[in-house]
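Please keep the model open while reading.

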Amino acid sequence: GAGDRVVLRSPTGSYEGTVTLVRLPAGTLQVHWPEGNVLIAGGPDRREPLSKVPDYNAVVTVERA
């Protein structure tokens with residue numbers, strides 16, 4: 001619930017933060033930038049070819065901290 005401490009884990013890293021409840025599509029979450037960058041895979045193969053914008057999508061697990 002709101003205020004809970006959680007750890008988000010992806011294949012590239014982990015992030016510990018505090019839950020704030022807001023309306024988002026089911027099955028999604030939002031992490032502030034740049035703190036959430038540790039969850040995003042880097043490298044040129046993970047960027048849009050023309051603009052070079054990173055793919056800001058990651059599949060994560062959520063655990064209580």
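This is a predicted model: local features need pLDDT of at least 70, side-chain atom pairs count only at pLDDT 80 or more; totals for chains, interfaces and linings use all residues.

Residues are numbered from 1 along each chain as its sequence is written, and side-chain values use heavy atoms, with hydrogens and water left out.

**Pockets**

A pocket is an open set of points on a 1 Å grid over the protein atoms alone, where a 1.4 Å probe fits, with protein on both sides within 12 Å along at least five of seven lines; lining residues have an atom within 4 Å of a point. Volume is the space filled by probe spheres set on the points.

| Pocket | Volume | Lining by class |
|---|---|---|
| Largest | about 480 Å³ | 10 nonpolar, 6 polar, no charged |

Ala, Val, Leu, Ile, Met, Phe, Trp, Tyr, Cys and Pro count as nonpolar, Asp, Glu, Lys and Arg as charged, and the others as polar.

The largest pocket is lined by 16 residues; Thr18, Val19, Thr20, Leu29 and Gln30 are the closest to its centre. Strands E1 (5-10) and E2 (13-18) each supply at least two lining residues. E2 gives the largest share, 3 residues. Strands are DSSP runs (E, at least two residues), numbered from the N terminus.

The second largest pocket also has 16 lining residues. Closest to its centre are Leu29, Val31, Ile40, Tyr56 and Ala58.

**Lys52**

Lys52 and Gly36 are 16 residues apart in sequence and 19 Å apart in space, C-alpha to C-alpha.

Definitions and conventions: Helices (H or I, at least four residues) and strands (E, at least two) are DSSP runs, numbered from the N terminus.
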